Amino acid sequence: MKPAFSVLFFTVTSGIGYGLLMWLVGVQLISSAAVNVNNFLIAGFVGLTLATLGLLSSTLHLANQKNAWRAFSRFRTSWLSREGVFSLVYYPVILAYALLIYLSKGELSLLTYTLGVLSVLVALATVICTGMIYASLKPIRQWHNPLVTPLYLLFSITSGALLYACMLYVLEGQVSRSITVMFLLLLAVSFIAKMLYFRVIGKPDGATIGSATGFSQAHVRLLDAGHNADTFLTKEFVFDAGAMKLLRLRYLMIILAFVVPLGLAILTLAWDIAPAIFIAMLSLYAGLFLERWLFFAEARHVVRLYHGDQRA
Amino acid sequence: MKLGLVIDLDTCVGCHACATACKQWNTSGTIGPLSDQLPYGKDPSGSWLNRIRTFEVNKAEVNQANLPSEGCGSQVFDLHALATQGESALAGVGVNGSPASKTVHMPMSCMQCEDADCVTVCPTGASYKREEDGIVLVDQDKCMGCNLCSWACPYGARELDEEQGVMKKCTLCVDRIYDQNLPESERKPACVLSCPTSSRVFGDFDDPTSEVSKLTVERAGQALMPELGYKPTNRYLPPRDKGEVAAMEKTNEPALSKLKKWANRMIAR
């Protein structure tokens, strides 16, 4: 699949934004300490801005934006519609929560508490829907895979945790050990899940040129695709980065998204070298961007079987 | 009703008449125009609702890549195999021009699937499947051009119109087949009418006495990629088994005597 920049930016950036907001509200609901209203509003603003920038970017890849409002109409069947609805519902919930926190100067009433829980649930639902948009597509076996949605969720919460740790350092002047430890745990789980994902997609499976043409008991190969210039199908689905390049980028992704943030977060914990956590954040963001690029570049749609591939 | 097409791979000659007739009819039909980009330029492209691919099918060799393979499965990353063996890890073995091989032309348009994921993934409700005859259509006024339905289609039946930013797909000539102003013999999709070898048959698969149902039973009509579970309606009739064509024998006869023999044969006529 051709990686579209707007979609990569959307899934990574919105994921971090929702992740940060989930941590921000979640920690506030669980901890007994009084809420610092100003800090909450600043961090919340950053989270919501990231989520919004991502959502706006996602509309850039629409070829007919004037009909985008219709995307909220098929909640019962379409994951894309569900994502749209949840992302929209999130705004009144989180804004009402922030307003109540502001008005009550950080005191949690039952209503505030309910809104807070609701905001976390809606943010979770939005990220799950993003994952399900891809996981529900049967023609792409690298996406139609039970690990895809958990990975979207894990990366959102993990990157959100690191950004939350960064925000806490900026606002409160010290590194939160508990959040950094949580980040490290989540990073480890994400790493295991991503390696499992690579293992699963590495096994040949699914449709072949035989089932695509109906000749399952013969050797089949494409002689002519019927056109001599690119078509919508080749432009959208046939993306070949080259196996060697993909492999190298996988290693680079592992270094940027896992190894560097892991090392720097441990450095932060062990020696209180706080600025390291910001470099970890930048590295993780770049790593996740690369992870999302690979998610597209390595996905082989079955329509490629009609353009020269032998198996999905 | 379950309307669809039967395509005879035995007689299709790959002339692309169905595709051009389709383009001609539908560019001025209900979902038209079907725009082109640089139609007279170096790399012309555009929206087509029907495309013809040509395959070499060799019955002598069963494709190893077609079978569930264990070869790469033991490796952690398929990419390792790809990187070391090159594309041959994905491509099958060569065919070597064996006499058992056959050229098969395969026209493909929308399969009018019973479980059409392109309809369920659509967030705007632009994609829909008609209850009365099973035709899958796109409401051009509602589509927002997100491409998700084309991703959900395994057959490459949907193409975005780059100029209008909306999705185009085969309508089974819904604006022809019910037109009472046309003589009944012409109430068929444009591709079916234009086919010079009558390789395309249109009809109702729900009716066991229809030509499409009978052909599907008689000639073991195949669905493409049934394992994905979309339940495509269209069926492809496999080429008839005609056996191998004997190759011409080579002789060492001098050209002059061959010419004499040929001249004698001509005179004898």
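**Stop one: a glycine in a helix**

Select A:Gly44, which is found in helix H2 (residues 37-60) of chain A; helices here are DSSP runs of H or I with at least four residues, strands are E runs of at least two, and both are numbered from the N terminus. Before going on, a word on ground rules: this is a predicted model, where local features need pLDDT of at least 70, side-chain atom pairs count only at pLDDT 80 or more, and totals for chains, interfaces and linings use all residues. Residues are numbered from 1 along each chain as its sequence is written, chains are lettered from A and ligands numbered from 1 in the order in which they are written, and side-chain values use heavy atoms, with hydrogens and water left out.

Is A:Gly44 buried or exposed? A:Gly44 counts as buried because its relative accessibility is 14%; buried means under 20% relative accessible area, exposed over 50%, and partly exposed in between (1.4 Å probe, protein chains only). A C-alpha to C-alpha distance from A:Gly44 to A:Leu24 gives 7.2 Å, though they are 20 residues apart in sequence.

**Stop two: the largest pocket**

Next, pick A:Leu55, A:Ser58, A:Thr59, A:Leu80 and A:Glu83, the closest to the centre of the largest pocket among its 25 lining residues. A pocket is an open set of points on a 1 Å grid over the protein atoms alone, with protein on both sides within 12 Å along at least five of seven lines, and lining residues have an atom within 4 Å of a point. The space in this pocket comes to about 510 Å³, the volume being what is filled by probe spheres set on the points, which are joined across faces, edges and corners.

Colour by helix and you'll find that H1 (5-30), H2, H3 (79-103) and H4 (110-135) of chain A, together with H4 (148-152) of chain B, each supply at least two lining residues. H3(A) gives the largest share, six residues.

**Stop three: a covered strand in chain B**

Switch to chain B, with its eight helices and 11 strands. Of its 269 residues, 51% count as buried.

Select strand S1 (residues 3-8) of chain B: six of its six residues are buried. B:Leu3, B:Leu5 and B:Ile7 point one way, while B:Gly4, B:Val6 and B:Asp8 point the other. Which strands does S1(B) pair with? One is S10 (residues 200-204) of chain B, antiparallel over five bridges; the other named here is S11 (residues 235-237) of chain B, parallel over three bridges. Two strands pair if DSSP finds at least two bridges between them.

Zoom in on the partners: B:Leu5 with B:Phe202, B:Gly4 with B:Gly203, and, over in S11(B), B:Arg235 opposite B:Val6. S10(B) is also mostly covered, five of its five residues being buried.

**Last stop: a sheet across two chains**

Finally, show the open, antiparallel sheet of three strands ordered S1(A)-S4(B)-S5(B). Its edge strands, S1 (219-224) of chain A and S5 (101-108) of chain B, each pair on one side only. S4 (residues 51-58) of chain B joins S5(B) through eight bridges, and there B:Thr54 stands opposite B:His105.

Methods: On a 1 Å grid over the protein atoms alone, a cavity is a set of points where a 1.4 Å probe fits but cannot get out, and a pocket is an open set with protein on both sides within 12 Å along at least five of seven lines; lining residues have an atom within 4 Å of a point.
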